[in-house]
Amino acid sequence: MGTLAAAIPVTAGATATGISHAGCRRRRRGSVAVRCSSAADERQALFSRIAPVYDHLNDVLSLGQHRTWKRICVSWAKRGDRVLDLCCGSGDLAFLLFQKVGLDGEVMGVDFSGKQLQTAASRQDQRWKACYKNIKWIEGDALDLPFTDRYFDAVTVGYGLRNVVDRPKAMQEILRVLKPGSRASVLDFNKSSSIFTASLQSWAIDNVVVPLASSYGLTEEYKYLKSSISQYLTGEELEKLAKEAGFSSAKHYELGGGLMGNLVATR
């Protein structure tokens with residue numbers, strides 16, 4: 001079976017197994033862990049519950065289009081890169097990234113849900129390409145990444161920044177671990193300023209997403225989508241967030257008729 005591995009080097013607060021506890025803010029130096037927030041705990045539990053059917057629902061709900069959006073998200077990576085897939089979930093972006101970086105590159109997937117990482121590791125075992133065997137899965141905190149400064153050539157985040165409790169801090173951490181001149185690519189639902197697009201998105205969640213999730217007993221788990229999107233940032237606000245974190249440039253691209261968005265920020 002694929003393994004959950006520790007990143008190199010890990011923070012001092014890591015467990016004896018080398019795997020950081022999900023959702024917890026840990027001091028970068030010293031051995032005292034900071035208490036987890038209740039919001040982070042709740043979101044961790046939510047993603048653990050949906051892990052078994054997450055990939056299937058993505059396929060059905062997007063009519064397979066999520067694969068195209070994800071390929072666009074990873075298009076900035078190149079052969080030989082060392083790449084971080086943050087909030088990696090069940091591993092879709094990580095697998096696509098290794099197709100880009102090849103055997104000369106490295107991919108590390110970080111998520112706060114151990115069950116999502118177990119799903120990713122299981123999928124890794126089922127894939128025949130040799131490069132997939134080199135992906136490392138790390139249970140860790142997006143607000144305190146267990147990597148040294150300027151460690152990665154690229155960072156991707158797929159449907160994760162929206163669920164982070166402190167987005168400015170997460171963007172600062174992404175900036176910290178990126179090499180100068182490297183890019184971060186953030187894919188998520190688009191909080192559209194268009195009334196038509198926002199209404200279509202809201203209708204789809206109420207009449208397609210939630211009813212289908214209900215057939216899997218996940219009604220409440222998918223009802224959170226509407227509120228999470230309403231509390232998310234517009235493309236312009238995401239560009240501002242990235243620049244305030246210290247990125248030299250940031251551009252947000254609308255995908256899927258404005259239903260999705262891809263922020264690309266350069267350190």
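Two strands pair if DSSP finds at least two bridges between them. Helices (H or I, at least four residues) and strands (E, at least two) are DSSP runs numbered from the N terminus. In strand 7, L263 is the bridge partner of V186.

The model is a predicted one, in which local features need pLDDT of at least 70 and side-chain atom pairs count only at pLDDT 80 or more, while totals for chains, interfaces and linings use all residues. Residues are numbered from 1 along each chain as its sequence is written, and side-chain values use heavy atoms, with hydrogens and water left out.

**Overall content**

The protein has nine helices and seven strands. Of its 267 residues, 54% count as buried, where buried means under 20% relative accessible area, exposed over 50% and partly exposed in between (1.4 Å probe, protein chains only). Among contacts between residues at least 6 apart in sequence, 72% join residues at least 24 apart; contact means heavy atoms within 4.5 Å.

Seven strands form an open sheet with mixed pairing, in the order 3-2-1-4-5-7-6. Strand 3 (136–139) and strand 6 stand at the edges with a single partner strand each, so one side of each has no neighbour in the sheet. Neighbouring strands of this sheet are turned by 15° against each other on average, direction ignored. Here axes are lines fitted to C-alpha atoms, for helices over the stretch in contact, and angles run from 0 to 180 degrees between N-to-C directions.

| Partner strand | Sense | Bridges | A bridge pair |
|---|---|---|---|
| Strand 5 (residues 178–189) | antiparallel | seven | D188 with G261 |
| Strand 6 (residues 249–255) | antiparallel | seven | E254 with G261 |

T266 belongs to strand 7 and is buried, with a relative accessible area of 17%. Not counting residues up to four places away in sequence, T266 touches G181, S182, R183, F247, S248 and S249.

Helix 9 lies across strand 6 and strand 7 and runs at about 155° to strand 6.

Helix 6 (residues 167–177) and helix 9 (residues 235–245) pack at an angle of about 55°, with their axes 9 Å apart. That angle makes helix 6 oblique to helix 9; angles under 35 degrees count as roughly parallel, over 145 as roughly antiparallel, 65 to 115 as roughly perpendicular and the rest as oblique. The contact is made by R167, P168, M171, Q172 and L175 of helix 6 and by L241, A242 and A245 of helix 9.
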